[in-house]
Amino acid sequence: MTPRRLATVTLVVPDYDAGIRFFCAGLGWDLLEDIDQGTKRWVVVAPEGGAHGARLLLARADGPSQTEAIGRQAGDRVAFFYETEAFEREAARLRAAGARFLEEPRDEPYGRVAQWQDPFGNLWDLLQPSDPAA
């Protein structure tokens, strides 16, 4: 049987290039695809070296309902969980790229975590998982 995985998740953004600037230029993610489809583009980004993990499809808002959804795709909940092995380094990179941290980092049984907001208003958790051997 072929293994299954969640491959790509759509993130509605106000502009393709703004999304590419934040994720690729700002965070150092890879631009995996940017295909002109006439009236829209197929833009896929992933964390550096993450082409085989979860990816984001950056979709430009088309119409009022999609524009209203920017930054609120999960209501007022954290929509995305961004894992790192170097919490402080990644937090500094996020801040420099325009992310805004909404809380100080805290230690939980599952790891070090802090909630942040991307420039489009989406809520994320930056998470450095606990060492399973500890």
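Modeller: Happy to! The largest pocket holds about 480 Å³ of space. A pocket here is an open set of points on a 1 Å grid over the protein atoms alone, with protein on both sides within 12 Å along at least five of seven lines, and lining residues have an atom within 4 Å of a point. Points are joined across faces, edges and corners, and a volume is the space filled by probe spheres set on them. This is a predicted model, in which local features need pLDDT of at least 70 and side-chain atom pairs count only at pLDDT 80 or more, while totals for chains, interfaces and linings use all residues. Residues are numbered from 1 along each chain as its sequence is written, and side-chain values use heavy atoms, with hydrogens and water left out.

The lining of the largest pocket has 23 residues, and W29, P47, F81, Y82 and E83 lie nearest the centre. Strand β6 (80-83) gives the largest share, 4 residues, while β4 (55-60), β6 and helix α3 (87-97) each supply at least two. Helices (H or I, at least four residues) and strands (E, at least two) are DSSP runs, numbered from the N terminus. By class, the lining has 12 nonpolar, 4 polar and 7 charged residues; Ala, Val, Leu, Ile, Met, Phe, Trp, Tyr, Cys and Pro count as nonpolar, Asp, Glu, Lys and Arg as charged, and the others, Gly among them, as polar.

β4 turns up again in the second largest pocket, where β4 gives the largest share of the lining, 4 residues. About 200 Å³ of space lies in this second pocket, and its lining includes Y16, W42, R60 and D62. The elements giving two or more residues there are β3 (41-46) and β4. The lining divides into 5 nonpolar, 3 polar and 4 charged residues.

A cavity is a set of points where a 1.4 Å probe fits but cannot get out, and the count comes to 1 cavity of 30 Å³ or more. The largest cavity has about 40 Å³ of space, and G121, N122 and L123 are among the residues that line it. Strand β5 (residues 73-76) gives the most to this lining, with 3 residues.

G121 leads us to D118: the backbone nitrogen of G121 lies 2.9 Å from a polar atom of the D118 side chain. D118 itself lies in the loop between β9 (111-117) and β10 (123-129).

Terms used: Polar contact = N/O pair within 3.5 Å; in protein donor to acceptor, adjacent residues only side chain to side chain.
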